[in-house]
Amino acid sequence: MTKETTALETLLKFKNVLIDEKEALIKNDSAKVKALVEQKQLFLDSLPTLITEGLTKADLVEVVEDIKNLQETNLTLAKQALQYQETMMEAITKGVKTGGSTYSKQGDYSTTQQANLIDQSL
């Protein structure tokens, strides 16, 4: 195997990792996303050392463009997942704060303050 095919093969493997990451983000599989991010880091460390001698720009343009698009898609999916989690946490904490009207031990009808699940003072 020559260095030129190794460079192209490395980029194709990186593209496959990005495709797997996209699927994991869509399925909200955080354990798999974490493992794939670690794999991506290994690829990112090796990308600057790839030797592309013998390859033309045309050989690399398509795969690099695909990688760029997948990175952008995955970033958007990750941002959406974080925004969803933040919205859910906000809804939960607001719901916990509002108490219902109940009868006390003394028989009075009053609004009660429920305990918070999340300590927001941090």
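Which residues does Phe14 touch, not counting residues up to four places away in sequence? In this predicted model, Phe14 contacts Lys40, Phe43, Leu44, Leu47 and Ile67, contact meaning heavy atoms within 4.5 Å. Residues are numbered from 1 along each chain as its sequence is written, and side-chain values use heavy atoms, without hydrogens and water. Local features require pLDDT of at least 70 and side-chain atom pairs count only at pLDDT 80 or more, whereas totals for chains, interfaces and linings use all residues.

The ring centres of Phe14 and Phe43 lie 5.5 Å apart with planes at 50°, so the pair is tilted. It joins distant parts of the chain, as Phe14 belongs to helix 1 (residues 3-26) and Phe43 to helix 2, 29 residues apart; helices are DSSP runs of H or I with at least four residues, numbered from the N terminus. Both Phe14 and Phe43 are buried (under 20% relative accessible area with a 1.4 Å probe, protein chains only; exposed is over 50%, partly exposed in between).

In helix 2, the buried residues include Val33, Leu36, Lys40 and Phe43. Viewed down the axis of helix 2, its buried residues fall within an arc of 75° and so line one face, the arc being that of the directions from the helix axis to the C-beta atoms. On the other side of helix 2, Ala31, Lys34, Leu42 and Asp45 are exposed.

Note on methods. Helix = DSSP H or I, 4+ residues; strand = E, 2+ residues; numbered from the N terminus. Phe/Tyr/Trp six-rings, centres within 6.5 Å; stacked < 30°, edge-to-face > 60°.
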